[in-house]
Amino acid sequence: METTLKTSKKRTGPVLFSNYQQAYGIKKAIELGRENILLELKDSGLKGRGGAGFSTATKWMLSAAANAEKKFIVCNADEGEPGTFKDRVLLLEYPELVFDGMVIAGFTIGAKIGIVYLRGEYEYMLPLLEGFLNNMKEENLLGKNILEKEGFDFDINIRLGSGAYVCGEETALIESLEGYRGEPRNRPPFPVNTGYLGYPTVVNNVETLASIPHIIYKGGEWFKKNGTDKSKGSKLFSVSGDCGKPGVYELQWGTKINELLEIVEAKNCKAVQVGGASGVCLPKSQFNRSLAYEDAATGGSIIIFDENRNMLKILINFMEFFVEESCGQCTPCRVGNTKLLEGVKNIEKDEYTFSYINKLKELGKTMQAASKCGLGQSSPNSFISILDNFKEEIFYSNSKGIKNVKA
Amino acid sequence: MLVVEKNNLSYEIERMVKEYGSDRQSLLQILQAVQKKYKHISDFAQQEIARMMNIHPVEVYSVISFYSFLSTEPKGRNIVRLCKTIACDMAGKDAVETAVKRELGISFGETTIDQRVSLEYTNCLGMCDEGPAMLINEKVYTHLNPEMAVNILNEIK
Ligand SMILES: Cc1cc2nc3c(=O)[nH]c(=O)nc-3n(C[C@H](O)[C@H](O)[C@H](O)COP(=O)(O)O)c2cc1C
Ligand code: SF4
Ligand code: FES
């Protein structure tokens with residue numbers, strides 16, 4: 001039985017989905033040399049697309065400056081945030097962007113090995129990706145003396161994850177690559193200094209790396225024509241939920257939620273979850289906000305809920321996700337998420353007092369402050385935003401009034 | 001386990017350790033390979049891996065227990081993982097779930113008596129625009145409805 005996966009949608013966009021010929025970025029990189037690549041990258045203003053939004057130029061400079069026998073480039077293809085699937089599209093339809101980006105990164109910081117950490121759920125992509133890497137080897141875009149540049153050696157390996165969302169966190173990912181449980185480490189030290197096997201390692205998201213060849217080939221100036229002052233370039237949004245046209249969209253940073261809803265043909269929309277389960281849930285009154293690092297920030301996940309959805313059921317789904325995916329290493333996250341889930345279930349059973357709800361929100365704030373990694377720091381976001389923004393539906397309406405809704 | 005089976009398993013693990021290397025960073029790859037071939041990583045396999053990699057068996061167990069795709073208990077020949085995260089839930093995962101359970105006569109977390117299928121839930125598969133979605137082994141199936149899901153399941157051996 002063949003897979004029922006379809007990926008034939010037409011893709012257009014100003015940056016990532018604009019024209020690119022494989023190898024052009026690598027050739028240009030060799031012409032420019034390391035210093036100029038870093039300057040171009042700095043000029044572009046590119047920030048990480050994996051969620052945290054750290055300056056890519058700074059990350060590369062730190063590891064380029066590090067003195068070490070070996071260095072590594074890691075492509076974070078763990079894409080596990082609920083509602084995110086843009087990296088899937090990049091890997092399946094634009095592997096040349098991702099891999100050229102890795103080669104350029106290797107050249108710039110002086111790494112000879114690149115590792116793609118591909119989530120176990122994406123194992124079906126392996127034959128395609130490995131075939132692609134083989135072609136690159138044949139065309140001397142990988143291997144020794146790449147494009148006849150003396151001493152420019154770089155190879156890419158793919159390593160599979162095994163079904164753990166937290167392994168997308170960069171230090172957990174490194175633990176996993178090293179053959180351990182994927183439990184996040186304390187930071188600092190950061191991977192740029194002490195990464196894979198203790199060597200300087202740049203961990204970048206698939207989309208960040210895919211932006212690189214465009215920036216190097218077409219220039220930082222060209223790249224930053226798109227977007228806003230603080231969010232340069234464009235962004236891939238993974239849009240799912242209640243709308244006519246779910247899918248991956250390349251839009252300018254700064255696009256308003258309202259505008260996006262129109263583009264994807266969302267009708268009677270009541271709520272938009274920006275940033276996946278770790279993100280926040282916004283009500284209609286905030287649909288004029290912009291999608292950008294400085295306003296409604298997101299790694300790209302947009303989940304749309306229409307009037308018929310039950311916000312409490314949605315919240316239960318999110319909290320179950322975190323209870324299952326917490327690595328359990330630190331108490332605020334391990335115990336906190338269980339308490340929050342229990343709380344939502346108690347609200348559903350109509351067994352709560354408002355002082356209990358307030359205590360839970362306090363607990364959420366403690367988790368945001370005291371958890372060891374981004375999972376526990378952000379898992380209360382949905383809880384707090386849904387209970388705050390949809391309190392009329394959840395606490396004020398006669399519960400019979402919402403019993404019949406789907407979701 | 002029969003002695004011959006043990007010998008074969010040891011031999012196979014030795015081959016895998018040679019292929020991936022006996023450094024610690026190869027452990028996950030070796031576990032994945034054993035899981036794929038034997039549908040679980042038995043106590044004996046854990047001990048053999050530990051011995052050949054020169055680490056404590058508890059280390060091996062601790063890694064297995066962390067990853068949801070690795071198991072110490074035998075699974076069926078095919079592992080079906082239905083996505084239960086939000087977008088698939090909204091797209092009709094419940095109906096697919098019910099149909100699949102009924103057809104196979106088992107619940108999620110169980111394996112059919114003939115060892116043909118294990119049913120499991122999974123979190124977001126990155127197919128949220130094409131849900132409901134499920135994986136069968138490493139293949140992905142999307143836009144499911146109850147009838148389709150059951151037909152697909154009935155075709156696998
Ligand atoms: C729980 C958790 C899961 C994460 N999952 C991913 C992921 O799947 N992909 C990703 O690129 N970054 C993920 N991140 C962010 C990474 O830790 C890291 O910031 C990112 O890979 C850096 O790349 P960038 O600078 O190119 O964005 C995750 C972070 C946390 C806390
Ligand atoms: S916050 Fe959660 S996922 Fe992160 S280290 Fe602590 S327990 Fe693990
Ligand atoms: S929610 Fe099911 S694939 Fe993302």
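## Cysteines

Let's start with A:Cys330, which counts as buried at 17% relative accessibility, because the cut-off for buried is under 20%. Keep in mind that this is a predicted model.

Now for another cysteine: A:Cys75 is buried too, and its relative accessible area is 0%. How many disulfides does the structure hold over all chains? The count is 0. A:Cys75, then, is in no disulfide, and the nearest cysteine sulfur belongs to A:Cys167, 15 Å away.

## Two helices side by side

Next up is a helix pair in chain A. Helix 2 (residues 34–44) packs with helix 3 (residues 56–65) at an angle of about 155°, and their axes are 8 Å apart. Angles over 145 degrees count as roughly antiparallel, so that's how helix 2 and helix 3 of chain A run relative to each other.

Which residues of helix 2 and helix 3 of chain A make the contact? From helix 2 of chain A come A:Leu38, A:Leu41 and A:Lys42, while helix 3 of chain A brings A:Thr56, A:Ala57, A:Trp60, A:Met61 and A:Ala64. Sorted by class, that contact has 6 nonpolar residues, 1 polar and 1 charged.

Last stop: A:Arg309. You'll find this residue in the loop of chain A between strand 9 (301–306) and helix 11 (311–325). Is A:Arg309 buried or exposed? With a relative accessible area of 5%, A:Arg309 is buried, because anything under 20% counts that way.

How values were computed. Residues are numbered from 1 along each chain as its sequence is written. Chains are lettered from A and ligands numbered from 1 in the order in which they are written. This is a predicted model: local features need pLDDT of at least 70, side-chain atom pairs count only at pLDDT 80 or more; totals for chains, interfaces and linings use all residues. Side-chain values use heavy atoms; hydrogens and water are left out. Helices (H or I, at least four residues) and strands (E, at least two) are DSSP runs, numbered from the N terminus. Buried means under 20% relative accessible area, exposed over 50%, partly exposed in between (1.4 Å probe, protein chains only). Axes are lines fitted to C-alpha atoms, for helices over the stretch in contact, and angles run from 0 to 180 degrees between N-to-C directions. Angles under 35 degrees count as roughly parallel, over 145 as roughly antiparallel, 65 to 115 as roughly perpendicular and the rest as oblique. Contact means heavy atoms within 4.5 Å. Ala, Val, Leu, Ile, Met, Phe, Trp, Tyr, Cys and Pro count as nonpolar, Asp, Glu, Lys and Arg as charged, and the others, Gly among them, as polar. A disulfide is a pair of cysteine sulfur atoms within 2.5 Å.
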